[in-house]
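Here are my notes, written to be read alongside the coordinates.

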Amino acid sequence: MAKSYTIDGKNFALTAKSAGKYIYSLAVDGVERLAVGRVRCGKFTELGALGEKFRVHREEANFLCGIDTSCVLPFGCEYEIKRTLECGDGALDFSTDVAALHFGRVGDLALEELFFPGDGTSASLLLLGESVPKKFSPAEQGELYCGKQYPLCLRVDFFDGASVEYQTGFDVWRHDAASAMTGVSAEFSLVRDEKGLHLFRQVLRYDEGVESEKRPWRFNTLISWQTASEKPFPPRVDAQTIDGCPLSGAWRRELRRRIRRTQGDFLLGGISAALCDEPSHLERAGRGALLHSPMQEYLASYRWANRELRKSGGVFTLDARENHTLLGEVLSRPPRELLQEREASL
């Protein structure tokens, strides 16, 4: 039996479904703002998949809720698709795993469509390799962008002041894998029609006669949101900075050392969304340059540090004035508890 599960927060509701065109739907201020579609393996779409797992796990402190799902496409060699999601106040991240069963190969792969419904939206699209985002007004229709450069970040601002942002997770090198492979291309497009904005992501497309690698794939995705009524949080302590890439072991150890010695609030400064390509930060020394983003690590650190500081009545926030992302703005405010959960059969 198909299942549906909704996580309610202060100003949002996230619904996950085991069947249907969209696996996740995000409402902010009672209005649907984002729907996350399903993957396509070659000519087979996940819409025809058979559900296997739909498991919910909630953090005891009531600040996070996770949903794990898996399904199998019963076509071709058969494909297994797994997702792990963690949702909290203002942000969620999820990973999508795609594997070919019975010694098959994944081949051509399109990630989930990201659909932002409604009109009156403006958009800001930052592409890999560029420092200035492309901006699109509500009046611009049709194909706004189409190319092989990966969309690192897409922010959509709605007419009522609400905003939703998509970012790649830490694994930028995977999203851009086609650029380093012979006989493989990628295509990404942003399209506006009468229903809203659509971001399409064809991450792998093999040339005729080129055999795909026999390997599974995993992709991490970040989504953040806020409403027009969100207020800045006035810091109560001076900011502290930690040198280095947040994905490095040294950075993580230093943050944990400082948090464990803190009584009260902690404000982390020096926050940047700049990419790094040092493979040793990913425990893959000698693999050559591997582009990765710090934002998923900032989110994970924010969640861990707030759990620790909550014991002494403190909060962990980021001084994200130089970060220039919506996720950075979300992490500059203390997290709020989730409200309730709703489960239903489809």
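Predicted model: local features only at pLDDT ≥ 70, side-chain atom pairs only at ≥ 80, totals over all residues.

1. Where does Arg 257 find a partner for a salt bridge? Its side chain meets that of Glu 254, with 2.7 Å from N to O. Both residues belong to helix 2 (residues 249-260), and they sit three residues apart, about one turn of the helix.

2. The structure has 24 salt bridges. One that I'd look at joins the side chains of Arg 218 and Asp 97, again with 2.7 Å from N to O. Arg 218 is in strand 20 (residues 217-226) and Asp 97 in strand 10 (residues 91-100), so this pair ties together parts that are 121 residues apart in sequence. Arg 218 is partly exposed, with a relative accessible area of 42%.

3. Arg 321 and Asp 319 make a further salt bridge, their closest N and O atoms being 2.7 Å apart.

4. On to the rings: a search of the whole structure turns up 10 aromatic pairs. Among them is the stacked pair of Trp 217 and Phe 219, at 5.9 Å centre to centre and with 10° between the planes. Both Trp 217 and Phe 219 are buried. Trp 217 also has Arg 215 over its face, at 3.6 Å from the ring centre.

5. Two more items of this kind. Ring pairs join Phe 44, Phe 75 and Tyr 79 in a cluster. Over the face of Trp 304 lies Arg 256, at 4.8 Å from the ring centre.

6. The largest pocket holds about 490 Å³ of space. It is lined by 23 residues, and those closest to its centre are Leu 126, Cys 153, Ala 273, His 324 and Thr 325. Strand 13 (122-127), strand 16 (151-157) and strand 17 (163-168) are the elements that give two or more residues to this lining. What is the make-up of the lining by class? There are nine nonpolar, 10 polar and four charged residues.

7. Last, the backbone. Most residues other than glycine have a negative phi. Asp 29 has a positive phi of about 55° although it is not a glycine. Its place is the loop between strand 3 (24-28) and strand 4 (31-36), and it is partly exposed, with a relative accessible area of 46%. Asn 62, not a glycine either, has a positive phi of about 75°. The loop that holds Asn 62 runs between strand 7 (50-58) and strand 8 (64-73).

Note on methods. Residues numbered from 1 in each chain as written. Heavy atoms only, no water. Helix = DSSP H or I, 4+ residues; strand = E, 2+ residues; numbered from the N terminus. Buried < 20%, exposed > 50% of the residue type's maximum accessible area, 1.4 Å probe, protein only. 1 Å grid on protein atoms, 1.4 Å probe; cavity = no way out; pocket = protein on both sides within 12 Å on 5 of 7 lines; lining within 4 Å. Points joined across faces, edges and corners; volume = space filled by probe spheres on them. Nonpolar A, V, L, I, M, F, W, Y, C, P; charged D, E, K, R; others polar. Salt bridge = Lys/Arg side-chain N within 4 Å of Asp/Glu carboxyl O. Phe/Tyr/Trp six-rings, centres within 6.5 Å; stacked < 30°, edge-to-face > 60°. Lys NZ or Arg CZ within 6 Å of the ring centre and 35° of its normal.
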